Amino acid sequence: ADVADVAASKLTGALPAISGAALTNLPGGGKVLQVVENTATSAIATYSDSWYTMYSTSITPSSTSSRIVVLAYVGSMYMNLGSNQAQFNWRIDRAGGTITGQNTNFHAEIGRGETSIGQRGFINMGIVDEPNTTSSVSYNVQAKRHNGSGGVQINDTSGTSSIILMEIGA
């Protein structure tokens, strides 16, 4: 029957909620639940042969089944710092844990063979992690000298770098 012309005063019984707050069993998979970002603007340099944290940020997942998308942008990277050649490995690291099922290592080689002239560049990294926790999780952007004796500096000449964490519902 047609109910378009029925007055609201004639309706009885329980009506659906105006908001979705009382609804259950809604599909939630694949939705972005929260986004956290850290932008580093200060110049940060390292000559380290061990993994060195350049910048980081944390997120607290709302569910143990959530996935975390990690996007890292290293800007205004100045290679061969100190007028010496160097090549650096980069990675996204989960503090206190192992990132699941991902190759998190990235290699930057700019200005190969040049020893007195610095080179500028950038590197972008992205992974998906399943931390299986509702505790705070920190993700680090790290660099380690692969070879040579020079260093690397990011955010050279007022550049910026950032790390973005997105919690995706399962």
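Predicted model: local features only at pLDDT ≥ 70, side-chain atom pairs only at ≥ 80, totals over all residues.
Is Asp-49 buried or exposed? Asp-49 is exposed, its relative accessible area being 51%.

1. The model contains 4 salt bridges, counted with a limit of 4 Å between a side-chain nitrogen of Lys or Arg and a carboxyl oxygen of Asp or Glu. Side chains of opposite charge can pair when their charged atoms come close. Three of these pairs are taken up below.

2. Asp-49 and Arg-145 form a salt bridge through their side chains, with an N to O distance of 2.8 Å. Asp-49 belongs to the loop between β2 (44-46) and β3 (52-59), while Arg-145 sits in strand β8 (residues 137-148), so this pair ties together parts that are 96 residues apart in sequence. The two partners should be read with their accessibility in mind. Asp-49 is classed as exposed because its relative accessible area, 51%, is over the 50% limit. Arg-145, by contrast, has a relative accessible area of 13% and is therefore buried, the limit for that class being under 20%.

3. A salt bridge also joins the side chains of Arg-67 and Glu-130, at 3.4 Å from N to O. Arg-67 is located in strand β4 (residues 67-81) and Glu-130 in the loop between β7 (119-129) and β8; the pair therefore ties together parts that are 63 residues apart in sequence. Arg-67 is partly exposed, with a relative accessible area of 44%. Glu-130 is likewise partly exposed, at 40%.

4. The side chains of Asp-93 and Arg-91 meet in a salt bridge as well, with 3.8 Å between N and O. Asp-93 and Arg-91 are both buried.

5. When neighbours within four places in sequence are left aside, the contacts of Ser-138 are Thr-57, Ser-58, Asp-93, Arg-94 and Ala-95. Between Ser-138 and Arg-94 the C-alpha to C-alpha distance is 5.9 Å, although the two residues are 44 residues apart in sequence.

6. With Ser-58, Ser-138 makes a polar contact from side chain to side chain, at 2.6 Å. The relative accessible area of Ser-138 is 24%, and Ser-138 is therefore partly exposed, this class lying between the 20% and 50% limits.

Terms used: Residues numbered from 1 in each chain as written. Heavy atoms only, no water. Helix = DSSP H or I, 4+ residues; strand = E, 2+ residues; numbered from the N terminus. Buried < 20%, exposed > 50% of the residue type's maximum accessible area, 1.4 Å probe, protein only. Contact = heavy atoms within 4.5 Å. Polar contact = N/O pair within 3.5 Å; in protein donor to acceptor, adjacent residues only side chain to side chain.
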